Amino acid sequence: RRLASASQRGNDGRQPAAAHPLLLFLRSGVALQQASTRIGLFGHSLGGATAAQLGRERSDVDAVAVIDGTMFGEEVSLNPDGTVVLNQTPYPVPLLNLYNESLDRDAKQQGATYSNLSASAHAIEAYDVVIAGSGHLNFTDLPLFSPALAGMLGTGTVDSRYCIETMNQIVLQFFDHTLKGSAGFGLQEVY
């Protein structure tokens with residue numbers, strides 16, 4: 001099967017579920033959680049950007065979690081002055097953005113011109129969460145197995161095991177809420 005052409009897309013511009021088999025990009029860090037017939041995608045870094053783009057394009061994706069990634073797919077063109085034009089179409093599925101402390105600070109300084117915050121502002125449901133003291137690689141298992149290498153590549157001051165366990169709990173709660181309709185859902189802005 002092939003990707004649906006623009007003329008084959010639904011009214012919302014997303015790929016119909018039958019357009020092609022579900023894509024699972026493990027190499028780029030995107031993973032899938034399926035609950036019955038509802039599908040959630042998540043990924044770290046560029047894998048998160050990939051998951052976010054699939055959430056916008058595919059009608060069979062029901063929720064997306066971007067773990068410390070920039071949603072590059074939200075950048076649709078450039079203005080003559082070189083500034084980025086961001087997609088203003090509402091993000092069609094619930095969205096979780098999980099940031100490291102530095103990225104959160106930088107994103108807040110950019111405000112609505114940062115792609116993830118713009119997507120959150122235009123999403124049907126969105127959550128922006130930061131783990132204090134975290135760095136980019138704290139959202140991987142590298143700091144648990146090679147702390148020295150991870151430290152050279154970009155970890156924060158947070159306890160590595162705490163960060164991984166907290167991230168896992170946040171993502172699980174998000175998908176339980178958005179895919180299974182679990183009650184009692186509530187995320188903090190900062191962990």
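Is Phe42 buried, partly exposed or exposed? With a relative accessibility of 24%, Phe42 counts as partly exposed (buried is under 20% relative accessible area, exposed is over 50%, and partly exposed is in between, using a 1.4 Å probe and protein chains only). Keep in mind that this is a predicted model, where local features need pLDDT of at least 70, side-chain atom pairs count only at pLDDT 80 or more, and totals for chains, interfaces and linings use all residues. Residues are numbered from 1 along each chain as its sequence is written, and side-chain values use heavy atoms, leaving out hydrogens and water.

**Confidence**
- The protein has a mean pLDDT of 86, with 81% of its residues at 70 or more; pLDDT is the predictor's confidence in each residue, from 0 to 100.
- Residues 1-8 have a pLDDT below 50, and this stretch makes 14 contacts beyond near neighbours in sequence (a contact means heavy atoms within 4.5 Å).
- Residues 17-29 are also below 50, with 35 contacts beyond near neighbours in sequence.

**Aromatic rings**
- Rings of Phe, Tyr and Trp (its six-membered ring) pair if their centres lie within 6.5 Å; planes under 30 degrees apart are stacked, over 60 edge-to-face, and the rest tilted.
- That rule gives four aromatic pairs.
- One of them is the tilted pair of Phe42 and Phe175, at 6.1 Å centre to centre with 50 degrees between the planes.
- Phe42 sits in strand E2 (residues 38-44) and Phe175 in helix H6 (residues 160-180), so this pair ties together parts 133 residues apart in sequence (helices, H or I with at least four residues, and strands, E with at least two, are DSSP runs numbered from the N terminus).
- Phe175 also pairs with Phe174, again tilted, at 5.4 Å centre to centre and 50 degrees between the planes.
- Phe174 and Phe175 are both buried, and Phe175 has 0% relative accessibility.
- Phe42, Tyr127, Phe174, Phe175 and Phe185 make up one aromatic cluster.

**A loop residue**
- Asn79 is in the loop between strand E4 (75-78) and strand E5 (84-86).
- Its relative accessible area is 32%, so Asn79 is partly exposed.
- Leaving aside residues up to four places away in sequence, Asn79 touches Val84 and Val85.

**On helix H5**
- Met152 belongs to helix H5 (residues 147-153).
- With a relative accessible area of 67%, Met152 is exposed.
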